[in-house]
Amino acid sequence: MENTITDFIKRRFPDESNWMNGNCYFFAHILASRFVGEIVYDPIEGHFLFLAYDDNLYDWTGCRNYSKEERKRMFFWKDYCAKDSAHCSRIWRDCIK
């Protein structure tokens with residue numbers, strides 16, 4: 001699965017495009033609409049990633065390696081608003097809308 005997603009990213013999103021500066025949610029959403037998996041949010045980095053069913057995390061740079069400890073701080077985006085509704089509202093207002 002990793003090669004399929006990585007190939008998809010490299011074919012459609014050239015190096016000169018930058019999905020890391022304020023567009024990581026939208027990139028994770030693109031991957032979630034194309035592949036099986038979930039959008040996750042890392043509140044420490046303030047970063048959205050795509051968690052594929054093969055348990056790999058992806059963003060515009062490709063497959064990202066996170067330790068087990070780093071993964072523990074991540075949330076499924078669909079569940080994050082229940083945990084921190086004020087922060088979630090600010091993300092929706094300032095980044096997604």
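A residue is called buried when its relative accessible area is under 20%, exposed when it is over 50%, and partly exposed in between (1.4 Å probe, protein chains only). The structure described here is a predicted model, in which local features need pLDDT of at least 70 and side-chain atom pairs count only at pLDDT 80 or more, while totals for chains, interfaces and linings use all residues. Residues are numbered from 1 along each chain as its sequence is written, and side-chain values use heavy atoms, with hydrogens and water left out.

**Cysteines**

A disulfide is a pair of cysteine sulfur atoms within 2.5 Å, and by this rule the count comes to one. The bond joins Cys81 to Cys88, with an S to S distance of 1.6 Å.

| Cysteine | Relative accessibility | Class |
|---|---|---|
| Cys81 | 26% | Cys81 is partly exposed |
| Cys88 | 3% | Cys88 is buried |
| Cys24 | 10% | Cys24 is buried |
| Cys95 | 42% | Cys95 is partly exposed |

Helices (H or I, at least four residues) and strands (E, at least two) are DSSP runs, numbered from the N terminus. Two strands pair if DSSP finds at least two bridges between them. Five strands form an open sheet with antiparallel pairing, in the order β4-β3-β2-β1-β5. The edges are held by β4 (62-64) and β5, each of which has a single partner strand, so one side of each is left without a neighbour in the sheet. Strand β2 (residues 47-52) runs antiparallel to strand β3 (residues 57-59), and two bridges join them. Within this pairing, Phe50 has Tyr58 of β3 as its bridge partner.

Helix α2 (residues 24-34) lies across β1 (37-42), β2 and β3, and runs at about 15 degrees to β2. For such angles, axes are lines fitted to C-alpha atoms, for helices over the stretch in contact, and the angles run from 0 to 180 degrees between N-to-C directions.

Contact means heavy atoms within 4.5 Å. Thr6 belongs to helix α1 (residues 2-12) and is buried, at 15% relative accessible area. Beyond its neighbours within four places in sequence, Thr6 is in contact with Tyr58 and Cys63.

Met74 is found in the loop between α3 (68-72) and β5 (75-76). Met74 is also buried, with a relative accessibility of 13%. Residues up to four places away in sequence aside, Met74 touches Val40, Tyr41, Asp42, Leu49, Leu57 and Tyr66. The C-alpha atom of Met74 is separated by 9.7 Å from that of Glu45, 29 residues apart along the chain.
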